[in-house]
Amino acid sequence: MATVELAGKSLEVDADGNLANRADWDKEVAQAIAKEEGIEELNERHWLVIDFMRNVFEEKGDAPSIRKLTKESGVDTKELYALFPKGPAKKAARIAGLPKPKGCI
Amino acid sequence: MAEPIEKLSIVVSKGSLDGIYPGLIMANGARMEGIEVMMFFTFFGLDAILEKRMDNISVATVGNAAMRLPGGMKMPTWLGAIPGMSTFATYMMKREMEALDIPPVREFIEMISDAGGEIYACKAAMDMFHMTEKDLCPQVEEIIPVGTFYEKSAGAQIIFT
């Protein structure tokens, strides 16, 4: 497994470049990944999405679908794409320290 | 490594539930990956963006050789022609889709449009079915001829469904 330098730490990542160990994740690491994804500063709306994703993952073992995200997190589809322009499901999961979502929707 | 896909044009030409959904799922999935998407609805595929029809899309039980009964037995073709069979199959399939978090057509079109996907109606098909702009759902950007479709698809991969 590959390792990358994030927020001054050497961390293991999976084949998609997402964190391999969820225990390695903290807010600084999230900010460092966000920067790699072109998001200069995570704001409270980003955090709302990230926290929601982490909670769903904790419960279900997979990241939520975009539909679930927009229906339950309080962030609608338009805003979601504005927050994570290069694809919310994949990018938000990566910043949240989760594996790439398995769902199709 | 091969070049990643950056732009897609998806043509939807069929109006049955199984004709419409694959295109919608692929379009939404592309946006989720950050791929630019436009959708072009033509012929019976127009039903997916017509105000009066989009909430009433059904499964074709006639002429569908892969159709199975609950339990997995192949459905005899004559059975598909019985009144109510398509309604029943549609009900079953919509229930399965809802469980997978796949939205109804109207919500799906809204989702794709809100995600930045562009929705277009085919001019020839609109004329053929005597439809005008006011028959379309509000997410449709424009009615365009095929030439414009190709212009807008510059640099895109085209998928026909």
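Colleague: What covers the buried residues of H1(A)?

Modeller: The cover includes strand S1 (2-6), helix H2 (44-60) and helix H5 (88-95) of chain A. Bear in mind that this is a predicted model, where local features need pLDDT of at least 70, side-chain atom pairs count only at pLDDT 80 or more, and totals for chains, interfaces and linings use all residues. Residues are numbered from 1 along each chain as its sequence is written, while chains are lettered from A and ligands numbered from 1 in the order in which they are written.

Colleague: Which residues of that helix are buried?

Modeller: In H1 (residues 27-36) of chain A they are Ala30(A), Ile33(A) and Ala34(A). Buried means that 20 or more other C-beta atoms, placed from the backbone, lie within 10 Å of the residue's own. Helices are DSSP runs of H or I with at least four residues, strands are E runs of at least two, and both are numbered from the N terminus.

Colleague: Why do you say they line one face?

Modeller: Looking down the axis of H1(A), the buried residues fall within an arc of 105°, so they line one face of the helix. That arc is taken from the directions from the helix axis to the C-beta atoms.

Colleague: And what follows H1(A)?

Modeller: Gly38(A), with a positive phi near 90°.

Colleague: Switching to chain B, what is the strand order in the sheet?

Modeller: The order is S4-S3-S2-S1-S5 in an open sheet of 5 strands, with parallel pairing. Two strands pair if DSSP finds at least two bridges between them. The edges are S4 (140-144) and S5 (157-160) of chain B, each pairing on one side only.

Colleague: How many bridges join S1 and S2 of chain B?

Modeller: There are 6, between residues 7-12 and residues 36-41 of chain B, in the parallel sense. Val11(B) stands opposite Phe40(B) there.

Colleague: What does Ile49(B) touch?

Modeller: Beyond its neighbours within four places in sequence, the contacts of Ile49(B) include Phe41(B), Ile109(B), Ala121(B) and Val140(B). Contact means C-beta atoms, placed from the backbone, within 7 Å.

Colleague: Last one: how many residues does each chain give to the contact between A and B?

Modeller: Chain B gives 13 residues and chain A gives 15. On the chain B side, H1(B) gives the most, with 4 residues.

Conventions
Contact = placed C-beta atoms within 7 Å. Buried ≥ 20, exposed ≤ 12 C-beta atoms within 10 Å, placed from the backbone.
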